[in-house]
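Take a look at the structure, then follow along below.

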Amino acid sequence: MLRVLVNGADGRMGSQVVKAVFEDPELEVAGGISITHVGEDVGDIAGVGHLGLTIRDDLGAALDDIKPDVVVDFTTPKVIFNNAKTCIEHGVNMVVGTTGLTAEQRHELHALALEKKTSIFIAPNFSIGAVLMMKLSTEVAPYLPDVEIIELHHNNKLDAPSGTAIMTADKIDAARKEAGVQPAPDKTHESLDGARGASVDGIPIHSVRLPGYIAHQQVLFGGYGELLTIRHDSMDRKSFMPGVVLAVKKVSSRPGLTFGLENYL
Ligand SMILES: NC(=O)C1=CN([C@@H]2O[C@H](COP(=O)(O)OP(=O)(O)OC[C@H]3O[C@@H](n4cnc5c(N)ncnc54)[C@H](OP(=O)(O)O)[C@@H]3O)[C@@H](O)[C@H]2O)C=CC1
Ligand SMILES: O=C(O)C1=N[C@H](C(=O)O)C[C@H](O)C1
């Protein structure tokens, strides 16, 4: 039985993770952390019934007391780097869904995890459909190198562009470079800053934030007289849970930091 501590246990994703861990026969909810529901029951907050586990707000102290096998973190871009360092310093394996870590921060965490003989797994997107969307995009890019990304999310999302959009752009850029192809130069002059979106590896990313959306992305490829669009939609946060559960079970298998769910599929 793997004992799992959920950081962000009362959040949109964290409460789903508590449920998914509770329902898996090989996993056990060991505790939960949040800011606003301290002292309340983790199971009551996640809607799985009373578990007799109190929500706490201090990750380091909770690790010392609970000694979980794995921490799953769905918190905020502001706190994730420190959370990850705290888990690694405590020698606890970690699965991270929280977005916002830079490549430099990931390198630092990888080195620290190797030094402390722990494992950390990070995925900007845990849904199988999103992983396939990225894989298909890298297959198309060598043939249609002109590409833009539109990501559409609920209006409570704190970061833009999304972690998924950044990862997609990075992968497309690598695929274009490997194939030795380049997009056509962008000749547009912006009369208003931001009109062409943000640029990641030279790929424009347009971020939409509206109530009604959950998590969606379109990758638009343009050619001469043709267009190819790859679209993925998460209509329910349950779509991320099989990936999270898989990562919890596999995280200890690779020392250091592993980035991207494709590494486990
Ligand atoms: N990888 C993936 O597949 C996915 C990743 N995400 C990412 O997961 C993250 C969380 O998203 P979502 O669940 O929608 O966000 P929510 O705002 O619903 O949840 C955030 C959680 O973090 C907690 N929190 C807030 N501030 C702090 C802090 N200073 N220290 C510790 N915990 C804190 C909140 O506690 P409280 O409520 O008490 O303030 C809450 O439990 C985002 O980065 C998002 O991009 C989202 C979906 C899928
Ligand atoms: O905040 C979200 O909701 C999501 N965040 C992740 C991201 O930034 O890519 C994954 C998914 O898009 C949902």
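Predicted model: local features only at pLDDT ≥ 70, side-chain atom pairs only at ≥ 80, totals over all residues.

Let's begin with the shell around ligand 1, whose residues divide into nine nonpolar, 13 polar and three charged. In total, 25 residues surround ligand 1, and the closest are Gly8, Gly11, Met13, Thr36 and Gly97. To count as near a molecule or strand, a residue needs its C-beta atom, placed from the backbone, within 6 Å of it. Helix 1 (residues 12–23) gives the largest share of this shell, three residues. Helices (H or I, at least four residues) and strands (E, at least two) are DSSP runs, numbered from the N terminus.

Residues are numbered from 1 along each chain as its sequence is written, and chains are lettered from A and ligands numbered from 1 in the order in which they are written.

Six strands make an open sheet with parallel pairing, in the order 2-1-3-4-5-11. Strand 2 (27–33) and strand 11 (256–259) are at the edges with a single partner strand each, so one side of each has no neighbour in the sheet. On average, neighbouring strands of this sheet are turned by 20° against each other, direction ignored. Such angles run from 0 to 180 degrees between N-to-C directions, with axes as lines fitted to C-alpha atoms, for helices over the stretch in contact.

Strand 1 (residues 2–7) pairs with strand 3 (residues 70–73) in the parallel sense over four bridges; two strands pair if DSSP finds at least two bridges between them. Across that pairing, Val4 stands opposite Val70 in strand 3. Helix 4 (residues 80–89) lies across strand 1, strand 3, strand 4 (93–96) and strand 5 (119–122), and runs at about 160° to strand 4.

Strand 9 (residues 215–223) and strand 10 run antiparallel and are joined by nine bridges, and Gln218 has Arg231 in strand 10 as its bridge partner. Contact here means that the C-beta atoms of two residues, placed from the backbone, lie within 7 Å.

Strand 6 and strand 8 pair in the parallel sense over five bridges. Strand 7 and strand 8 are antiparallel, with three bridges, and Val200 stands opposite Ile203 in strand 8. These two strands form a hairpin with two residues between them, and Asp201 in the turn has a positive phi of about 55°.

## Ligand 2 and two annotated residues

Around ligand 2 you'll find Thr99, Pro124, Asn125, His153, Lys157, Ser162, Gly163, Thr164 and Ala215. By class, that shell has two nonpolar, six polar and one charged residues.

An unreviewed UniProt entry marks His153 and Lys157 as "active site"; UniProt positions are given in the numbering used here, feature names are shortened, and annotations may be inferred rather than shown by experiment. His153 is found in strand 6 and stands opposite Arg209 in strand 8. Is His153 buried or exposed? His153 is buried, because 22 other C-beta atoms lie within 10 Å. Lys157 lies in the loop between strand 6 and helix 7 and is partly exposed, with 17 other C-beta atoms within 10 Å. The cut-offs are 20 or more such atoms for buried, 12 or fewer for exposed, and partly exposed in between, with C-beta atoms placed from the backbone.

Definitions and conventions:
Nonpolar A, V, L, I, M, F, W, Y, C, P; charged D, E, K, R; others polar.
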